[in-house]
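Thank you all for coming; please have a look at the chain on the screen, and I will then go through its surface and a few side-chain contacts.

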Amino acid sequence: MKYFLHQAERGMTTAEYTVGTLGACTIGGVLVKVGQSPWFGKLVEDLISKIPSILPF
């Protein structure tokens, strides 16, 4: 009996998949929006331009 109860809770159900997918899409949308903002582009550009001065060779 314990085996069957434990087996019944393996994996995600459809509702859990829905919530997980919705959460992942929301986080992805926020990351895309942040990535498209001008300040983020400037931040990445500044970071990349400083990399050669950080390297020891």
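This is a predicted model: local features need pLDDT of at least 70, side-chain atom pairs count only at pLDDT 80 or more; totals for chains, interfaces and linings use all residues.

The accessible surface of the chain comes to about 5,500 Å², and 72% of that belongs to carbon and sulfur atoms; these areas come from the Shrake-Rupley method with a 1.4 Å probe, and for residues only the protein chains shown count as cover. Residues are numbered from 1 along each chain as its sequence is written, and side-chain values use heavy atoms, with hydrogens and water left out.

The chain has 3 helices and 0 strands, where helices (H or I, at least four residues) and strands (E, at least two) are DSSP runs numbered from the N terminus. Of the 57 residues, 2% count as buried, a term that here means under 20% relative accessible area, with exposed being over 50% and partly exposed in between (1.4 Å probe, protein chains only).

Ser37 is in the loop between α2 (14-35) and α3 (38-54), and it counts as buried because its relative accessibility is 15%. Its side chain makes a polar contact of 3.1 Å with the side chain of Trp39; such a contact is a pair of N or O atoms within 3.5 Å, where within protein one must be able to donate a hydrogen and the other to accept it, and residues adjacent in sequence count only if both atoms are side-chain atoms.

Trp39, in turn, is exposed, with a relative accessible area of 54%. The count of aromatic pairs comes to 1. Trp39 and Phe40 form this edge-to-face pair, at 5.9 Å centre to centre and 90° between the planes; rings of Phe, Tyr and Trp (its six-membered ring) pair if their centres lie within 6.5 Å, and planes under 30 degrees apart count as stacked, over 60 as edge-to-face and the rest as tilted. Phe40 counts as partly exposed, at 30% relative accessibility.

Which side chains meet in a salt bridge? They are those of Asp46 and Lys42, at 3.3 Å from N to O, the term requiring a side-chain nitrogen of Lys or Arg within 4 Å of a carboxyl oxygen of Asp or Glu. Both residues lie in helix α3, 4 residues apart, or about one turn of the helix, and a search of the whole structure finds 1 salt bridge.
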